[in-house]
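Here are my notes on the model, point by point. Please read them with the coordinates open.

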Amino acid sequence: MAKSLSFHCSDCGASFSKWSGRCDGCGAWNSIVEEKPLSTGPGKGLGGKRGRSVPLVDLDTEEAPPPRTQSQVAELDRVLGGGLVPASATLVGGDPGIGKSTLLLQAAAAFARRGLSCVYVSGEEATAQVRMRARRLGLDKANVRLAAETGLRDILTTLEAEKPDLVIVDSIQTMWLDTVDSAPGSVSQVRAAAHELTSFAKRHGVAVILVGHVTKDGQIAGPRVVEHMVDTVLYFEGERGHQFRILRAVKNRFGPADEIGVFEMTGKGLAQVPNPSALFLQDRGEPAAGSAVFAGIEGTRPVLCEFQALIAPAPHGTPRRSVVGWDGGRLAMILAVLESRCGIPFAGLDVYLNVAGGLRVAEPAADLAVAAALLSAREDVALPPETVVFGEISLSGAIRPVTQTENRLKEALKLGFSKAIVPGGGKRLADSGVALRPMADLTGFVGDVFGAG
């Protein structure tokens, strides 16, 4: 029986049943190589040798879990789930120039002050350049050792001799293995390098943090299997025109996912922001048409932000739908529900929606705040002052309850908001100090708040 062959593209990772000169997935030439699978028979494909036995332990073993190490940077510890876990692998991605290297250099200095032995490996900068940045950040006295190297064999040999507690590799796309026949940054090299570093972390009890480049779509470049290998995946987000950055956990085996930490970019590096709601609302002036304050939840933290909407006549008959910081498909759904259930048309009108401050909101509870901002802009009527809005809108026009209502109201009260438009039909809350205005459906909301519909 002839053995089956499989081929994959070394640039994008696409799989094929036969070889061809050009990849159909990414269009690269001469990038398809053969991948030899292991045989399914016993002992075949491994040289006919039997492997060693693997020790097994009970689930209820009395062995104490490894302790976490806190950096004393509260925003970073929050996103990590309470601190750095030994033998863990963390992947940090973000746009070029967003501040990944600055954040990790500051993190290395913070963990070094807590007594950890830290090694910073840079494959993109020379050690003199890293020292220059550390001097600008005031970290030149930190007990962090530096290395400028891209050969993974040499790096692992050095780490086995030094036995550090924390290793930061900047970046995984610059690392290369001499056993893999492809260029640095290719799919094969990134996958092999991530596997070697993750295995090193598990074998030696070393925490490893990897920096990953991102594509134009905002995803970490390279094979998706790298995100499955590591324990934690963090995205460093932010807009170039704003001074604050958001560190978001999209995967965390040791803590809650979707947790965020907020930092502010200053001349001395990244400063943590303990109260992000006040930061996102600091430039908000008098109530204006098209503005609605949303009380949201990011991970375990309540965060208030402002939705801004603008409605203008479409000059050429084809209306635009432009969204920044929210899902464009969900905006189309809200517009369709407003037109179908409430009789409020947006045909022939350009719709622009923005989340102030560069925050990205993915929570369905923002539906009602978006609808309020759109109606406020269309009717040119400002919402009542000191009012927050949250609730999920269904396709039938009903306003559905959302989770953690009490935490949202506490955060709103702390920032001086005294009124809230909330979904009706939820559980009755004790006196929260905020005047509640429950709404059962979108038609009632339009009639009560804007006097139309």
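1. Terms first. A cavity here is a set of grid points where a 1.4 Å probe fits but cannot get out. Its volume is the space filled by probe spheres set on those points. Bear in mind that this is a predicted model.

2. Rolling a probe the size of a water molecule over the atoms shows where empty space is left. Searching the whole structure gives 4 cavities of 30 Å³ or more. The largest cavity holds about 80 Å³ of space.

3. Lining of the largest cavity. Which elements each supply at least two residues of this lining? They are helix 1 (74–80), strand 4 (89–94) and helix 2 (100–113). Helix 2 gives the most, with 4 residues. The lining comprises Leu 76, Leu 80, Thr 90, Val 92, Leu 103, Leu 104, Ala 107, Phe 111, Ile 209, Leu 234 and Leu 247. By class, that is 10 nonpolar residues, 1 polar and no charged.

4. Glu 259. This residue sits in the loop between strand 10 (244–252) and strand 11 (260–266). Is Glu 259 buried or exposed? Glu 259 counts as buried because its relative accessible area is 2%, and the cut-off for buried is under 20%. Its side chain makes a polar contact with the side chain of Thr 300, at 2.6 Å. Beyond its neighbours within four places in sequence, Glu 259 is in contact with Arg 78, Val 79, Leu 247, Arg 248, Ala 249, Glu 298, Gly 299, Thr 300 and Arg 301. One of these, Leu 247, also lines the largest cavity.

5. Gly 25. Look in the loop between strand 2 (15–16) and strand 3 (32–35). Gly 25 has a relative accessible area of 57%, so it is exposed. The C-alpha atoms of Gly 25 and Phe 111 are separated by 42 Å. Along the chain, these two residues are 86 residues apart. Phe 111 is one of the residues lining the largest cavity.

6. Backbone points to check. Most residues other than glycine have a negative phi, and most peptide bonds are trans.

7. The cis bond. The peptide bond from Asp 170 to Ser 171 is cis, with omega near 10°. Ser 171 is placed in the loop between strand 7 (166–170) and helix 5 (187–204).

8. Glu 386. This non-glycine residue has a positive phi of about 55°. Its loop runs between helix 9 (367–379) and strand 17 (387–389). Glu 386 is partly exposed, as its relative accessible area is 44%.

9. Gln 404. Again the residue is not a glycine, and phi is positive, about 55°. Gln 404 is found in the loop between strand 19 (399–400) and helix 10 (405–414). How exposed is Gln 404? Its relative accessibility is 33%, so Gln 404 counts as partly exposed.

10. The whole chain. The secondary structure comes to 11 helices and 21 strands. Along its principal axes, the C-alpha trace spans about 80 × 60 × 50 Å. Of the 453 residues, 46% are buried. Among contacts with a separation of 6 or more, 65% join residues 24 or more positions apart. The accessible surface is about 22700 Å². Carbon and sulfur atoms account for 51% of that surface.

Conventions
Residues are numbered from 1 along each chain as its sequence is written. This is a predicted model: local features need pLDDT of at least 70, side-chain atom pairs count only at pLDDT 80 or more; totals for chains, interfaces and linings use all residues. Side-chain values use heavy atoms; hydrogens and water are left out. On a 1 Å grid over the protein atoms alone, a cavity is a set of points where a 1.4 Å probe fits but cannot get out, and a pocket is an open set with protein on both sides within 12 Å along at least five of seven lines; lining residues have an atom within 4 Å of a point. Ala, Val, Leu, Ile, Met, Phe, Trp, Tyr, Cys and Pro count as nonpolar, Asp, Glu, Lys and Arg as charged, and the others, Gly among them, as polar. Buried means under 20% relative accessible area, exposed over 50%, partly exposed in between (1.4 Å probe, protein chains only). Contact means heavy atoms within 4.5 Å. Accessible areas come from the Shrake-Rupley method with a 1.4 Å probe; for residues, only the protein chains shown count as cover. A polar contact is a pair of N or O atoms within 3.5 Å; within protein, one must be able to donate a hydrogen and the other to accept it, and residues adjacent in sequence count only if both atoms are side-chain atoms.
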